[in-house]
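Colleague: Could you walk me through this one before the meeting? I would like to start with the strands and then move on to the helices.

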Amino acid sequence: MTHVVVIGAGITGITSAYELSQLGYDVTVIDRHLYAAMETSFANGGQLSACNAEVWNNKSNVIKGLKWLSRKDAPLLINPTFSVHKYSWLMEFLANIKNYEANTIETVRLALLARQRLCEVAKKESLEFDWERRGILHMYQTKEDYDAAKLANDLMRKGKLERYSVSPEEMKSIEPSLTGDYFGGFFTPEDETGDIHKFATDLAEKIKQYGVKYQFGIDVNDIQILDDKIILSCKPSAENMNAKAMQQSKIEADLIVVCGGVGSYQLAQMVGDRINVYPVKGYSITVQLKDEKSVKNAPWVGLVDDNAKIVTSRLGGDRFRVAGTAEFNGYNRDTRADRIQPLIDWVNSNLDISTEHVIPWAGLRPMMPDTMPVVTQSNVTTGLQPMMPIVRQSKHSRVFYNTGHGHLGWTLSTATAALISQDISQKFPI
């Protein structure tokens, strides 16, 4: 049986392992952490949001970013310290402004495919993840911001997304908990919210029944490509304190799928590929709803404040997730108080709930310069019209990538996992 090693046990790695197992492959998932979904898939914004499929490469975002450079509490923060990786990424980001419209439409179509597939997987495997199917509401305080958003809305509708404008009165009818003043908004009724960590860990456990195996607590430090197989040289990760494991080990595979998040850049270098993933830090808070008023007033509909670059999700009866910001600061994982405070302030300004009990978190989004995922793809039938190729082919036929999803990791993961598994099945049939 063909043995596939999936490197990375985040949302893209677990969904890739699931799809490969359904096709009959022998799958092993490896990760440097001791458990699945412990990095970017741990506490993100919790939205399954085709409505957020607009890519970041547009002139208005660049102009806003330049205005925000002097503000420590701004939605976008760039550490100016020189780094070849960072500045080459930024130059490629600017070069992709010309592809903004086409890439936004294509990302919408991919998100709609993912929405359909996630529903199928969640129901088939009886996954529990605080799933809410109440839609997502974009909010705008000014006419200027609302008018600018119309252009993006037109693009997303070209991608066949059902999304329509709503008045301030309609916004508060959709989500009665809103207390702010708004000019208007856009509502996507079929978008969803949930707990990504619960989804990933529940699916990771369920797919053991299909023969998927795990090796946690190991780092890949070398990849050797042979004609008929791949040999991964591994060592215990910093988290692995098991004395018996404190030695080098080797894992043989017929194929590998790199789902290494922000580590995909280094993993690709090991085999001579250039996958220009850069870590873009995001922050979140999980508000613990401990009093009756907060439980009652916390929104159930997913919210997006485009101006503040903040998203929210209700996670069951007693938790409320608020996430946002983009920070270009290398692989720094520190959770900074001055970046968390704007999230708390936003809750206090827009909602009538207590922020006395808040759990902060920071994670690194693996993002490509065109803000689209890296996934190899053959002529795969997706149920949609033929998709534009999102292909950065490895130099090696036995190496595949499913990474670089940026701010849409959960939203797109079930689609890219299906695409990569079908691509593998065409190139290396069982």
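Colleague: Which residue is the bridge partner of Gln 224 in β11?
Modeller: In this model, which is a predicted one, Gln 224 has Ile 231 of β11 as its bridge partner. That bridge belongs to the pairing of β10 with strand β11 (residues 230-236), which is antiparallel and runs over 7 bridges.

Colleague: And what order do the strands of that open sheet have?
Modeller: The open sheet has 3 strands in the order β10-β11-β12, and their pairing is antiparallel. At its edges are β10 (218-225) and β12 (249-253), each of which pairs on one side only. If direction is ignored, neighbouring strands of this sheet are turned by 25 degrees against each other on average.

Colleague: Now the sheet of 6 strands, what is its order?
Modeller: The order there is β9-β2-β1-β13-β20-β19, in an open sheet with mixed pairing. Because β9 (213-216) and β19 (374-375) stand at the edges with a single partner strand each, one side of each is left without a neighbour in the sheet.

Colleague: How many bridges join β13 to β20?
Modeller: Strand β13 (residues 255-258) and strand β20 (residues 399-403) run parallel and are joined by 3 bridges. As for individual residues, Val 257 has Phe 400 of β20 as its bridge partner.

Colleague: Which strands does helix α11 lie across?
Modeller: Helix α11 (residues 409-427) lies across β13, β19 and β20, and it runs at about 170 degrees to β20.

Colleague: Switching to β18, how many of its residues are buried?
Modeller: In strand β18 (residues 358-367), 7 of the 10 residues are buried, so that the strand is mostly covered, where buried means under 20% relative accessible area. Strand β14 (residues 278-288) runs antiparallel to β18 and is joined to it by 10 bridges, and within this pair Ile 285 stands opposite Pro 360 of β18.

Colleague: Last topic, at what angle do α4 and α5 pack?
Modeller: Helix α4 (residues 100-124) and helix α5 (residues 143-158) pack at about 55 degrees, with their axes 8 Å apart, which makes α4 oblique to α5. The crossing in which α4 passes α5 is right-handed.

Colleague: Which residues make the contact?
Modeller: From α4 the contact has Tyr 100, Glu 101, Thr 104, Ile 105 and Val 108, while α5 brings Ala 152, Leu 155, Met 156 and Lys 158.

Notes:
Residues numbered from 1 in each chain as written. Predicted model: local features only at pLDDT ≥ 70, side-chain atom pairs only at ≥ 80, totals over all residues. Heavy atoms only, no water. Axes fitted to C-alpha atoms, helices over the stretch in contact; angles between N-to-C directions. Helix = DSSP H or I, 4+ residues; strand = E, 2+ residues; numbered from the N terminus. Parallel < 35°, antiparallel > 145°, perpendicular 65-115°, else oblique. Left-handed = near helix turned anticlockwise from the far one by under 90°. Contact = heavy atoms within 4.5 Å. Pairing = 2+ DSSP bridges. Buried < 20%, exposed > 50% of the residue type's maximum accessible area, 1.4 Å probe, protein only.
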